[in-house]
Amino acid sequence: MKSLELLTRRNIWKLKPYSSARDEYSGHEAHVFLDANENPYNQPYNRYPDPLQWQLKKFIAKIKQVDERQIFLGNGSDEAIDLCYRVFTEPKMDNVVAIEPTYGMYKVCADINDVEYRKVLLDDNFDISAQRILQRTDKHTKIVWICSPNNPTGNNLNAEEIEKVIQEFQGLVVIDEAYGEFSAQRSWRTRLKDFPNIIVLNTMSKAWGCAGLRMGMAFASEEIIGLFNKVKYPYNLNQLTQQKALEMMKDPFKVREWVNILLQERTRLIKAFSQLPCCMKVYPTDANFFLAVVTDANAIYSYLIEHGVVVRNRNNVQLCNNCLRITVGTKNENNELLGALRQLK
């Protein structure tokens, strides 16, 4: 791995971050706050939230088994994705490499930041080749994007091939584990000490059932997290989100219960879906959704919309011809999907 200083944009490395009022008194006890021009009424919402969310990070650190200084919390995983570009890539000069198909925000953020986005197609089993990924890199490649379990394909990617990329690539490897709680594969965040060039993404939106909170997580070395904190907006995670996330973190057993129910329901739903006349193939999945080849994705998607059932049409995505991506819902929701498709003529 190149030194972090060489990987970081020069202006960001030298950046003196904004110092918030709440940062400056850190480490001291206080009960009268006359520093931030806040309204003294309407407590507790009149006060700015903790800019670095330390109380929440202490709970996350225990659950995720990482040091609290290795955690970044943002407005969804998308904030961490965007920060990777803003911190490490020079517009019009650097590039990134990503698997294809995968989560669309990696490319959207590349386009926003004016950074070249190089795609490497997955194989016929929706898996990766480290050699092909590395062949697409050059001296201006700063980041390799890997999503596992991958979206929209649902499968875990080959861990040995991922490790080859991490070991041989001189830049940063971002591994998005948004659906990791549904997978039996070991999380890469447990190997931060082994690989200082990885950034692992996680979210409250999937297994934790908190998509409305918009809270994402990034796990990385303390130095990388420090760079994220330099660039992020001072109060990027509001007080209400922090409070609700903290409440959820205090009951991780409920989340495990939800995951177990969804995994059982996933098995039932896939078995029933595979028997439908419109189903050509269901791909293996390690997530809370599955990708299926159907007879006519566009027509079936429209048919389901007319019956009040919304799935994701992935027909226009490379390697996903005539594919629908279907999220595992409650038993009743899944039965409604199956019932509608059984009436399809």
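Rings of Phe, Tyr and Trp (its six-membered ring) pair here if their centres lie within 6.5 Å, with planes under 30 degrees apart called stacked, over 60 edge-to-face and the rest tilted. That rule gives ten aromatic pairs.

Select Phe126 and Tyr283 to begin: their rings make a tilted pair, 4.7 Å centre to centre with 55 degrees between the planes. Phe126 is in the loop between strand S3 (116-121) and helix H7 (130-135), while Tyr283 is in the loop between strand S8 (279-282) and strand S9 (289-294), so this contact ties together parts 157 residues apart in sequence. Helices (H or I, at least four residues) and strands (E, at least two) are DSSP runs numbered from the N terminus. Both Phe126 and Tyr283 are buried, meaning under 20% relative accessible area (1.4 Å probe, protein chains only).

Before moving on, note that this is a predicted model, where local features need pLDDT of at least 70, side-chain atom pairs count only at pLDDT 80 or more, and totals for chains, interfaces and linings use all residues. Residues are numbered from 1 along each chain as its sequence is written, and side-chain values use heavy atoms, leaving out hydrogens and water.

Next, pick Tyr85, Tyr103, Tyr106 and Trp145, which form one aromatic cluster.

Where does a charge sit over a ring? Select Arg189, whose charged end is over the ring of Phe219, 5.8 Å from its centre. The rule asks for NZ of Lys or CZ of Arg within 6 Å of the ring centre and within 35 degrees of the ring normal. Finish at Arg325, which lies over the face of Phe289 at 5.5 Å from the ring centre.

How values were computed. Buried < 20%, exposed > 50% of the residue type's maximum accessible area, 1.4 Å probe, protein only.
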